[in-house]
Amino acid sequence: MAATKAQDPTAVGLARDDLADVWTRVRSAYRSDESETLRALCVRIPLDVAATTRIDQQALALAQEVRNALSGDISAEAFLRHYGLSTSEGVVLMCIAEALLRIPDAAKADELIRDKIGQSDWGRAIPDADSLLVNASTWALMLTGRLVEWREAPGDEPLTILRRMVGRTSEPIIRAALLQAMRVMAEQFVMEQTIEQALRRAVPLEREGYRMSYDMLGEAALNTLDAERYFEQYAVAIDAIGAAGTQGNLAQRAGISVKLSALHPRYEPAQRERVMAELLPRLRELALKAAQANISLTVDAEESYRLMLSLELFAALARDPALQDWDGLGLAVQAYQKRAVHVIDWLIALAEDTRRRWMIRLVKGAYWDSEIKLAQQL
């Protein structure tokens, strides 16, 4: 289609034909047949028995090292190891913890807890528990789970009525306990509440060799005011990270990860012209600010239907003369997408064309579960 060709950001430079070809492959692989995609990957990236064995051994060694390094029994890892996501209880716990973050009122949260926790047999876990947190949580959930079940008991006997009364007070208690548990678990995945606190907490980790890329957790911008607020927060974070004075080159210094959907309320292919006119200048300003602060800026991952638009914005920054001496521009590549290999090919071709280097972060990829659910709905 002519419109597609007009949107192609790769049709310039020394490697024009290669870029155009790879760009076409990225687009065509969006909904390619899974079996054909796997066969092509196996041919392109052959793994013999020796290579597979080395991968397995290294993965097991890394996992064991993490488990050996756990600090004490009171940890989120202890809870997750005990229940796991392979058990109905573990799945229920994770679903409720995530869902509670998206429920605005207490009444609906209580209904969710009554419906889900009351159906799980938490008591089975007690005999094998070896962690204080696991034991305490198991007893609490087992007791409150029974109370929730009692609320549904039939009949008008006094004991039944009493249990119903107790049941009415149990959901708020459970809700408060789950919120507290989420705060404990959040410490494993969220550095701190502010960028200044996160930078301080990261100091000992950086001494151990960790490299940080900071991002702000939250939903996408729903309106222009949201986008402006996120933009200001990103700008403040860039200043703070740059002022932290981490030594070393760009790859060794902490950087910033930017969600494009946080910078524009209509970040979607149907609004391409508006996105290029409104979002690109904001993104460019943040990139210039990061370059001045001598830190990297990574364009973070989004839902798969937005990938081509993200690549187009990335290409625009890659060809910006004001950023040509800065090697801190980065992109998060989602490995679960069928286009991942082609996206990497495109990045290589773009680097050759512009004679620049990128900061590429290969990740398993967020959004997989929601994308599967959306595909099922469609």
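Of the 378 residues of the chain, 39% count as buried, where buried means under 20% relative accessible area, exposed over 50%, and partly exposed in between, with a 1.4 Å probe and protein chains only. The model is predicted, so local features need pLDDT of at least 70 and side-chain atom pairs count only at pLDDT 80 or more, while totals for chains, interfaces and linings use all residues. Residues are numbered from 1 along each chain as its sequence is written, and side-chain values use heavy atoms, with hydrogens and water left out.

The chain exposes about 22,200 Å², of which carbon and sulfur atoms supply 56%; such areas come from the Shrake-Rupley method with a 1.4 Å probe, and for residues only the protein chains shown count as cover. A contact means heavy atoms within 4.5 Å. Among contacts between residues at least 6 apart in sequence, 71% join residues at least 24 apart.

The secondary structure consists of 16 helices and five strands. Helices (H or I, at least four residues) and strands (E, at least two) are DSSP runs, numbered from the N terminus. The five strands form an open sheet in the order E1-E2-E3-E4-E5, with parallel pairing; two strands pair if DSSP finds at least two bridges between them. Strand E1 (213-214) and E5 stand at the edges with a single partner strand each, so one side of each has no neighbour in the sheet.

Strand E4 (residues 329-334) is joined to E5 by five bridges, and the two run parallel. In this pairing, Leu331 stands opposite Ile360 in E5.

E3 and E4 pair in the parallel sense over three bridges, and Thr298 stands opposite Gly330 in E4. E4 is mostly covered, as six of its six residues are buried. In a regular strand the side chains alternate between the two faces of the sheet. In E4, Leu329, Leu331 and Val333 point one way, whereas Gly330, Ala332 and Gln334 point the other way.

Next come the aromatic rings. Rings of Phe, Tyr and Trp (its six-membered ring) pair if their centres lie within 6.5 Å; planes under 30 degrees apart count as stacked, over 60 as edge-to-face and the rest as tilted. By this rule there are three aromatic pairs. One of them is edge-to-face: Phe314 and Trp358, at 5.3 Å centre to centre with 75° between the planes. Phe314 lies in helix H14 (residues 307-318) and Trp358 in the loop between helix H15 (340-354) and strand E5 (359-363), so the pair ties together parts that are 44 residues apart in sequence. Phe314 is buried at 0% relative accessibility, and Trp358 is buried at 13%. Ring pairs link Trp23, Phe314, Trp346 and Trp358 into a cluster.

Most residues other than glycine have a negative phi. Asn294, in the loop between H13 and E3, has a positive phi near 60° and is partly exposed at 38% relative accessibility. Arg355, in the loop between H15 and E5, has a positive phi near 55° and is exposed at 68%.
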